[in-house]
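Please read them alongside the sequence and the coordinates shown here.

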Amino acid sequence: MALQGYKQLADTGNYPGGEEITHGLTLINPLIADKDSKKFIERFNTLKKDLLDLAEQFHDLEHFYEHQRPTWEKLRKAHTAFQLNRMELERDAQAGPALKRMQEILSAKSPYGLIKEADALINTVNAVNSSLLAGRRTQAIAKIDAHIATLNKDIVAVKGEASLRSACIKPLELLKGQVEKQESLAHITQAEGEAVTEFDVAVGRIEDFLRKLAEQKKPKDDDSGKVIPPPPPPVKKQHVVKPADLVKTAYLETTDDVNGFLDALRRELEKAIANNERIQIR
């Protein structure tokens with residue numbers, strides 16, 4: 001019986017018509033089980049009005065499960081995928097209402113006449129979602145590429161070995177690959193943050209490499225007995241400056257507030273320069 005097949009799908013909670021199907025089977029099963037013709041006719045006449053209502057409902061159910069189900073599954077799958085970036089999509093003037101309408105259709109008790117809207121709604125949200133992802137990916141990849149370029153330059157400057165290059169660059173390349181495939185805006189932003197951490201770790205590796213070289217090349221005496229100082233390192237030590245950490249109040253509201261912040265920033269920068277360090281602003 002068709003209703004039995006429909007019930008298996010409806011019972012998953014992902015398809016409509018569960019109440020109507022259960023009610024229909026409750027009406028039909030006793031009729032089918034009744035082997036006495038007279039009792040069958042009597043029961044049929046008693047349930048005639050309910051069976052006529054069921055016949056109308058069955059038309060919608062049959063059309064849905066035999067013809068509309070692929071579109072329904074496409075709508076449900078798309079709506080689930082869009083949940084990854086729901087907050088950003090809801091803020092968009094076009095995607096927000098379209099995403100809301102998708103939810104209304106999926107939660108409607110009788111969505112059969114609404115399913116025709118599915119393709120247009122999916123296309124509207126997908127266009128915005130793709131644009132947001134492309135923009136965020138481009139931004140994240142550009143920053144990761146900048147980290148890689150800086151590290152490559154430093155590794156060349158210190159004449160680092162292939163093992164140093166691999167240890168420094170590979171984690172960033174893996175993060176870049178993740179960003180290129182990632183469908184979640186939040187996860188792309190997270191990968192961008194992890195790239196900063198991996199960059200700092202790589203800088204530490206390069207500084208350790210230089211420190212070990214310096215230990216191997218201890219100062220030597222020249223012919224006059226004077227100590228020859230070692231040459232300056234080809235790559236200065238990194239000093240990260242975070243201006244936001246230097247602000248002591250929630251807002252800068254007066255000239256004194258601004259001057260105090262600028263003085264603190266200047267002291268921090270000058271201290272790094274005095275220590276022969278290179279500054280990275282974050």
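Predicted model: local features only at pLDDT ≥ 70, side-chain atom pairs only at ≥ 80, totals over all residues.

1. A salt bridge is taken here as a side-chain nitrogen of Lys or Arg within 4 Å of a carboxyl oxygen of Asp or Glu. By this rule, the count comes to 14 salt bridges. Side chains of opposite charge can pair when their charged atoms come close.

2. Lys-7, with a relative accessible area of 25%, is partly exposed.

3. A further salt bridge joins Glu-19 to Lys-109, with the closest N and O atoms 3.5 Å apart. Which parts of the chain does this pair tie together? Glu-19 belongs to helix 2 (residues 18-33), whereas Lys-109 is in the loop between helix 6 (95-107) and helix 7 (118-157); the pair therefore ties together parts that are 90 residues apart in sequence. Glu-19 and Lys-109 are both exposed.

4. Within helix 6, Arg-101 and Glu-104 are three residues apart, about one turn of the helix. The two form a salt bridge, their closest N and O atoms being 3.2 Å apart. Arg-101 is partly exposed, at a relative accessible area of 25%, and Glu-104 also counts as partly exposed, at 35% relative accessibility. Salt bridges with shared partners join Arg-101, Glu-104 and Glu-117 into one network.

5. Searching the whole structure gives six aromatic pairs. For Phe-64 and Tyr-65, the ring centres are 4.8 Å apart and the planes stand at 85 degrees, so this pair is edge-to-face. The cut-off behind that assignment is an angle of over 60 degrees between the planes. Both Phe-64 and Tyr-65 are buried.

6. Which residues make up the aromatic cluster? One cluster is formed by Tyr-6, Tyr-15, Phe-58, Phe-64, Tyr-65, Trp-72 and Tyr-112. The edge-to-face pair of Phe-64 and Tyr-65 thus belongs to this cluster. Tyr-15, another of the cluster's residues, also has a charged neighbour: Arg-76 lies over the face of its ring, at 5.5 Å from the ring centre.

Technical notes
Residues numbered from 1 in each chain as written. Heavy atoms only, no water. Phe/Tyr/Trp six-rings, centres within 6.5 Å; stacked < 30°, edge-to-face > 60°. Buried < 20%, exposed > 50% of the residue type's maximum accessible area, 1.4 Å probe, protein only. Lys NZ or Arg CZ within 6 Å of the ring centre and 35° of its normal. Helix = DSSP H or I, 4+ residues; strand = E, 2+ residues; numbered from the N terminus.
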